[in-house]
Amino acid sequence: MSATAVAPIRLVSIGKRYSGTKALDDVSVEVAGGTVHALVGANGAGKSTLGKIVGGVIRPDDGELFVDDRLVRYSSPREARTDGIATIAQELAPVPQMTVIENVFLGIEPRRSGLVQRRQMRTRYQELVSQWGFELDGQVKVGALRTADKQKVEILRAVACEARVIVMDEPTSSLTSVETKTLHRMIRTLRESGRTIVYVSHFLDEVLELADTVTVLRSGRLVRTGPAAAETEQTLVAGMFGVAAEAEHFEKPQGSTAPVLLEVSGLHRKGVLADVSLQIRAGEIVGLAGLVGSGRSELARAIAGADPIDRGTIAVDGTTRHIRSPADAMAAGMAFLPESRKDDGLFMELSLASNTTFADLRAVASRFGVLRRAVEREKSRSLLKSLSVEPPNPSMRVANLSGGNQQKVLFARWLFRNPRVLILDEPTRGVDVAARAAIHRLINDLAAQGTAVLLISSEIEEVLGLAHRVLVMRLGSITREFGADPPLDAVMEAAFGLGGSPTT
Amino acid sequence: MSATQPPDPTVPDAVAAGDNVSPETIAAPRVRWQRRIKAEHVRDYGIVVFAIGLFIYFSVASSVFLTKNNLLNLVFQNATIGVAATAVTLTIIAGNFDLSLGSIFVLAEVLAAWAAVHWGVWWAFPVALAAGAAMGAINGVLVTKLRINAFLATLASALTFGGIAVGVTHGGLLITPSSSVFTFLGQNRVAGVQYPVIIFAVVAIVLQLVLAATVFGRHLYGVGGNRDAARLSGIKVDRTVIITFVITGAACGLAGLIDASTTGSGSSDMSGLGGQLALLAIAGVALGGTSIFGGVGSVWRTVLGVLILGMITNGFDLLAVPDYWQDVVRGILIVSAVGISSVVDRR
């Protein structure tokens, strides 16, 4: 790094431990001002932790953090914010009961003699929105927004407080391709206006497209920091894993005649789902593509009994089932992996074993409902091992795992039940390349063993890579159906409602 | 407990090895980041160390404290609180709250006495337990089916139950027939141990086992830790929550029965234990380290919390410390215990 460029952020020998495991070990990085600096690494490599240290979200155990060559010790994100460092977290945390505008200006409300100047706030909001090219109604309560829009709120919040440095932790993991492009445009504008972006991501193509400098981490250690122009996806992967990861390719069986395992007809929920029907055969992976808000997740939740329906029938293996709760769906042989592992999935305070067995505790209990701990530990250990959860320690708290490993634990809970129908909503969100490949292989294997899989993902590539059939949803109904490996453009067009007549 | 002091940022980074450093000092968050693993131990087991320390202190400071009679008395005096507190631990772990413990206790006691007077002494037992369970069920239904916040629901039901109790007794006492069938529970001993002490021990052990070793107990942690995830995992959340309220109600009924049997009467007077039961029980739960937000905790912690509060009363009485100090110390203690765990969790 040249001596003339003033580094606004310098991390020296940073170390951080969680319950004895080293999340970061002796990591030193300089982030130059006015650049996009990407942090890449596998899940558990420490990239999120490093980002959080910069943003004041976590304090390091060892090492020093310099901002503008001044030694700082942040004990809260608020302290970092006063130095102009804002964090946009992976797990978004706006105040759901407040409106978009109130969230954006939370803590920095324009005020006069202690009173919030609401009109001024609205005007400033309009300025911000038009300046950054967002379309977002400021009066809506944040709780009613989809994840993608919540993220926009967070980004607006960062620019509203005039942050000089913005730490973005996996900002695109819940965005559609179009929204990702918008975000990238914003990031470039931010950089041109002299701001620094610390970009934590596992999407290597994004990193290469966007970043000036890349820092590669592996198992909590620094591999290298260098200009992004000198890297390729292969070199990054090699740096992250030490070896080149193999590309995934899945054979898709044609014209299955296996019996239909899941049959949904005329599923309707006012304003959300419009008479949706679909069939999935044993061993088939049906992909559900569509924009955020198209009703993909809502369809999954309705089938799984998580949300109520107005009418429609669900049959599993030829038998019509009255599904009024998740318990009913489970009794019918279904398993549902929800969209947000933090909100709807994991019990953060409980152990890996408890999280694994929670949906089927009877399997590890005696007749009178007394748990057999040793059996539970052994069964969960072997399942966690087969999913390559690292570390496969059943008594560890799930909160101490990295995102990808947490996702695998959630998978473990549902595989523990040996479901016949598996409904997956964003199964690889916030998961690194290796864990992702492992999960893809797992889904493929489960289908090969006869499980019927409904796969939902905001990444169309993921759907296309795995699905034997692709259904496209738009405005609450299924508008197009494709066979295996359809052209990406056609699926995108269908999702946006362009071209082609709807087939139902 | 020296950990109640705010962490001192001026303490030098190098805490020299071999220095006479108490575990609490190491726990102070800013002393040395490397030692933080131990902070979790202080949070999880500090209360055990503190209880032992307090026990030793009183044993040394007072010649009477460490006698069989005094210790049995200590537990005897806290048995009713203990029964209610161990049960409400389940409700709290499942993510709810119950402020009506005292009113359930009083109404169950009054109804038990009424039944003893009008129907015969044996009726007191089923009536107290059933009345308590029924009141708990009402709380549970208010909280789950009507979705009323547990604080408000149980505050309102507490007023109602308390009012009914006054109505039944016309504001006075219901003196039960002086039958040994009725009073043996509160006034007799087995092998020198008072019945209430045995009941407290049995209730605590049973509830601890239910919580730690059964499917139902695990479900409570799940429901309290992440309600949505529990529902998506097939748990009947409402039913689970109602059961915790019923258990708590029945336990308060049992506590009321013990009290009625001890005094040989049913009193609707809320200025006594009835008025304080909810707060004392919840104080014991919190002091033990069970999270008020649900999902974390255990029954043995509550037993410890209740006994620590009891020890302070007992020990201070023996040492002739003025009464008001007991409340001051208990208050500070609860704040420090909860404060330490929150500081450790927040780091």
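**Domains**

I started with the spacing of the two domains of chain A in this predicted model: the centres of domain 1 and domain 2, taken over C-alpha atoms, are 30 Å apart. I then looked up the bounds, and the assignment puts domain 1 of chain A at 9-241 and domain 2 of chain A at 260-496.

Next I checked who takes part in the contact: domain 1 of chain A gives 17 residues and domain 2 of chain A gives 19 residues. I sorted the domain 1 side by class and found nine polar, five nonpolar and three charged residues touching domain 2 of chain A.

**The six-stranded sheet**

I moved on to an open sheet in chain A and wrote down its strand order, β18-β19-β20-β15-β21-β22, with mixed pairing. Which strands stand at the edges? They are β18 (334-337) and β22 (477-482) of chain A; each has a single partner strand, so one side of each has no neighbour in the sheet. I also noted the twist of this sheet, which averages 20° from one strand to the next.

A reminder to myself: strands of a sheet pair through backbone hydrogen bonds, either parallel or antiparallel. For one pair I looked up the sense: β19 (residues 421-425) and β20 (residues 452-456) of chain A run parallel and share five bridges. I picked out one of these residues, A:Val421, and its bridge partner in β20(A) is A:Ala452.

**A helix on the sheet**

Last, I followed helix α17 (residues 488-496) of chain A. This helix lies across β15 (285-289), β21 (469-474) and β22 of chain A. Its angle to β21(A) comes out at about 25°.

Technical notes. Residues numbered from 1 in each chain as written. Chains lettered and ligands numbered in written order. Predicted model: local features only at pLDDT ≥ 70, side-chain atom pairs only at ≥ 80, totals over all residues. Domains from an automatic or database assignment. Contact = placed C-beta atoms within 7 Å. Nonpolar A, V, L, I, M, F, W, Y, C, P; charged D, E, K, R; others polar. Pairing = 2+ DSSP bridges. Helix = DSSP H or I, 4+ residues; strand = E, 2+ residues; numbered from the N terminus. Axes fitted to C-alpha atoms, helices over the stretch in contact; angles between N-to-C directions.
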